[in-house]
Amino acid sequence: MVKKVIQPEKLFDSSPFHYSQVVTATGGTLVHISGLAAWNKDGQLVGGDDLVAQTRQTLANIRAGLDGAGAKIDDLIMIRSFIVNYQPEYFELLMPEFAAFFGDARPPASTWVGVQALALPDLLIEIEAQAVIG
């Protein structure tokens, strides 16, 4: 798989925010990871009412999904985060979690969506992802 991160001259540099404006991928197998939440392997919610803790677990679950498909963080081409009752101050709270998750990998394209609710009332964040491997 060849992943190319593009920073168009007419768009601001998004790298400080741990996402890429445009990502292309050629060759390989497309991996779709369903929206994952902060449940551990036993189906127990991790983090309670702490959005940062739920985000950390959710990203760990994304990593587990990638591992299961034989993919790496750098294979991600898109993530979408759905955050209950999103407030602008959440950005500063969550950025360190995303920075730690991506590390030195080239970040994928990304979208954050504020939502009224998720599938169950205790869930504060859900993240879905796409990767290309091969």
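These legends go with close-up views of a predicted model.

View 1. Four strands make up an open sheet, ordered S3-S6-S4-S5 and with mixed pairing. At the edges sit strand S3 (29-36) and strand S5 (109-115), each pairing on one side only. From one strand to the next, the twist averages 10 degrees.

**View 2. Where S3 meets S6.** Here S3 runs antiparallel to strand S6 (residues 125-133), and six bridges hold the pairing. To get your bearings, look for Ile33, whose bridge partner in S6 is Ala129.

**View 3. Two helices on the sheet.** Helix H1 (residues 51-69) packs on the sheet and touches S3, strand S4 (76-84) and S6. The direction of H1 makes about 25 degrees with that of S6. Helix H2 (residues 90-102) lies across S4, S5 and S6, and runs at about 150 degrees to S4.

View 4. Glu97 belongs to helix H2 and Arg56 to helix H1, so the pair ties together parts that are 41 residues apart in sequence. Glu97 is buried, at 14% relative accessible area, while Arg56 is partly exposed, at 45%.

**View 5. A salt bridge from loop to loop.** Arg106 and Asp74 form a salt bridge, with their closest N and O atoms 2.9 Å apart. Arg106 is in the loop between H2 and S5 and Asp74 in the loop between H1 and S4, so the contact ties together parts 32 residues apart in sequence. Both ends are partly exposed: Arg106 has a relative accessible area of 34%, and Asp74 has 23%.

**View 6. A salt bridge from strand to strand.** Glu128 pairs up with Arg80 in a salt bridge, the closest N and O atoms being 3.1 Å apart. With Glu128 in strand S6 and Arg80 in strand S4, the pair ties together parts that are 48 residues apart in sequence. Glu128 is partly exposed at 22% relative accessible area, and Arg80 is partly exposed too, at 26%. Elsewhere, salt bridges with shared partners join Lys3, Asp74 and Arg106 into one network.

View 7. Ring pairs link Phe12, Phe17, Tyr86, Tyr90, Phe91, Phe98 and Trp112 into a cluster.

Notes
Residues are numbered from 1 along each chain as its sequence is written. This is a predicted model: local features need pLDDT of at least 70, side-chain atom pairs count only at pLDDT 80 or more; totals for chains, interfaces and linings use all residues. Side-chain values use heavy atoms; hydrogens and water are left out. Rings of Phe, Tyr and Trp (its six-membered ring) pair if their centres lie within 6.5 Å; planes under 30 degrees apart count as stacked, over 60 as edge-to-face and the rest as tilted. Two strands pair if DSSP finds at least two bridges between them. Axes are lines fitted to C-alpha atoms, for helices over the stretch in contact, and angles run from 0 to 180 degrees between N-to-C directions. Contact means heavy atoms within 4.5 Å. Buried means under 20% relative accessible area, exposed over 50%, partly exposed in between (1.4 Å probe, protein chains only). A salt bridge is a side-chain nitrogen of Lys or Arg within 4 Å of a carboxyl oxygen of Asp or Glu.
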